[in-house]
Protein chains: 2
Amino acid sequence: MNQFFKVKTLEEVMEQVKDFSSVESETISVFDAFSRVLAENLRAKKDLPGFRRATMDGYAVAASSTFGASESTPAWLDIAGTVSMGDIPEFTVEAGKAVKISTGGMLPKGADSVVMVEHTELIDDRSVEIYKSVAPLQNVIEASEDFAENETVLAEGTFIRPQEEGLAAGLGFSKIRVYKRPRVGIISTGDEIVPIEEEPLPGKIRDINSYTLSGFIREAHAEPVCYGIVKDDPAALKKAFEKALEETDMVIISGGSSVGTRDFTIDVISSLPDAEILAHGMSISPGKPTILARAGKKPVWGLPGQVVSAMVVLKIVVIPFLNRLKGLDDRDRTIRVPAILSRNIASAQGRREFIRVLLEHQAGRIIAKPVLGKSGLIRTMIHADGLLEIGDHVEGLEKGSFVDIILL
Amino acid sequence: MNQFFKVKTLEEVMEQVKDFSSVESETISVFDAFSRVLAENLRAKKDLPGFRRATMDGYAVAASSTFGASESTPAWLDIAGTVSMGDIPEFTVEAGKAVKISTGGMLPKGADSVVMVEHTELIDDRSVEIYKSVAPLQNVIEASEDFAENETVLAEGTFIRPQEEGLAAGLGFSKIRVYKRPRVGIISTGDEIVPIEEEPLPGKIRDINSYTLSGFIREAHAEPVCYGIVKDDPAALKKAFEKALEETDMVIISGGSSVGTRDFTIDVISSLPDAEILAHGMSISPGKPTILARAGKKPVWGLPGQVVSAMVVLKIVVIPFLNRLKGLDDRDRTIRVPAILSRNIASAQGRREFIRVLLEHQAGRIIAKPVLGKSGLIRTMIHADGLLEIGDHVEGLEKGSFVDIILL
């Protein structure tokens, strides 16, 4: 017997993420931390850089020694030595003196600024002319100017980009606590689906979804685990689900979620231990037959079998959901590129619609051209650069409208 | 002795990529192909999907049997059977007949279209009312509509997104030829740099660049190989270069490329077997002291030691260069997000400037706010979402200008 439809909006489905806990965390080398999510707050144990540092090659001086210096009336300073990189300079820079310094060098006592080498002329080994005055602290970084001791520099839930990786390293966190990469189980179902190594007979088609879905999971820095193709047989499907639920953090099944002759997927999901159907149908297009369920503590998704629908639902719904399970804060990181619509498009009210578009640069603007073609054609996703989202209460958009494109 | 400066523009440096050959290719499972670059043209060996297929759940019919059908005057058709998924239907659909079919099912002979189940009402086991007429080929995909036999479906040099992975799988390419992931050697230099595990004494600083640069290399789907920190010693540096050049496809050294007391990096690079300095200085800011050289068949980069400069040059110059070595076609894939500048900014003519900006959504528009702070501060890169490029011949930009932001 069919369950009553629990059709939900995109926002309602995303709200359900709160019913699930994040994946576990682990401690890894900061060198491997790119694309992970921080599972702890990092505080600076010391000031960074920790000493007053030159940001230019030139001469460390007391700024007051240069006041009034110009091209026509240069200041004439005595060279009192050279700062060796990485060393603590032992001398003091007095008024009227200058010390050679390279970018990154430590300023000697008495020096509060650096004159760029381009604004000087060496007269002889012992004296230099300064053509431009400097202000105190010019061309230097103060000891705690980057980060101060005890400051929280990176918060739990931060996505680690190259700069966050470098900052953690610079503060001496050679190992950091991050969330584990989620493992996502993928099951393909349908009597018409054959493994890609087989030559499909008429009526049959190779398994595309296992590959497109795996690609998106990888793009989201998670690990896809494929459980192959399961025929339209409840016992076999249940067995595949049980194995996938045991081995992964989230399970996706594609195919079998349409209301038709083969809607037993929902019955199989319902029959799993401690299972609950959270959404049976979503008010988005494509992707209406999407199922979200809970099996024990893990989310289970039923995606439409059509290749384009499965990809759109994964990109728009499942990946943002997965990002939260990965421990990411709830900042929306979807990249949306503003563009101008190339032609009128119609849309039905009462559902969120996602239109495939191709992007073209024209005279400094980005034009979004809807990709025509049926949603069963993977060709349309090959030609598309992004998805245009049309709101639930919008009847259509006019040519020339400003739109935001979600990149594919 | 110093070489003459060979200061080049960004475009001139990118032109040099033609002097280098792509990395080698290898054959891998299509399941692992996400983020790789195709090293062969893929042609469809058969039509895709290969048979006339339903795109909706409903009834396969000859469209003419439905002509004139409407809510008030439905067409009444006899049900002649059900198409089993994956099977070749053996019956023929004659005029006045309908056959139950699910999405993805093969249309029987005589049927040229599918009536959606939503537009029908089952009268009894043997007859159905049709409330909406269909046109021939409505709700079906033709045998060669996605891709036709012998069509080139994916060209050499294509970046493999999830949809390209799925398409290759769907056409039966279980193994495909792709370019190898480039290995990129990273050397840090400078007497002031200590390993991140060490507590730096005053005057010294932990190695940040090996980590930020590795992160960007990983983001570009290549493999970073770190050769540690080399002191300011020509013999040690030469040895590190030789090892890195032997083991990797491209070598990056950070630090030691500024014109100061430590410009022996260029001498060491020049002394490598079959070496040629291609650029010594680039007209970009930050990043002026950048070096590009050829050592044998491999590119060698000298990046500024300052953390922000090194990151900007890597992102803006080295990664696009690396993408070409990875076999990618020369389409510019840099994502640029149109935004509105929050305040006036000045810029010097004669060089390309890259300003760190933070992006904020405000009333449906994206505002780009320049991140203030010295370029030696990694904090500024932590706060930044992107880089604003200011052209060589532009003196500055006014508040409210439309700008394109390169995402970080």
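**Exercise 1. The interface**

How many residues of chain A are in contact with how many residues of chain B? Work out which elements of chain A contribute to the side that touches chain B.

*Solution.* This is a predicted model, in which local features need pLDDT of at least 70 and side-chain atom pairs count only at pLDDT 80 or more, while totals for chains, interfaces and linings use all residues. Residues are numbered from 1 along each chain as its sequence is written, and chains are lettered from A, with ligands numbered from 1, in the order in which they are written.

Begin with the count: 75 residues of chain A are in contact with 75 residues of chain B, two residues being in contact if their C-beta atoms, placed from the backbone, lie within 7 Å. Two or more residues each come from helix 2, strand 15 (205–206), helix 3 (209–219), helix 6 (307–325), strand 22 (336–341) and helix 7 (379–383) of chain A. Helix 2 of chain A gives the largest share, eight residues.

**Exercise 2. Helix 3 of chain B**

Decide whether helix 3 of chain B is enclosed or open, and identify what covers it.

*Solution.* Count a residue as buried if 20 or more other C-beta atoms lie within 10 Å of its own, as exposed if 12 or fewer do, and as partly exposed in between, with C-beta atoms placed from the backbone. Nine of the 11 residues of helix 3 (residues 209–219) of chain B are buried, so this helix is largely enclosed by the rest of the structure; the buried residues include Tyr211(B), Leu213(B) and Phe216(B). The cover includes helix 2 (162–170) of chain A, together with strand 13 (183–189), strand 16 (223–230), strand 17 (250–254) and helix 6 (307–325) of chain B. Just after helix 3 of chain B, His221(B) takes a positive phi of about 60°.

Methods: Helices (H or I, at least four residues) and strands (E, at least two) are DSSP runs, numbered from the N terminus.
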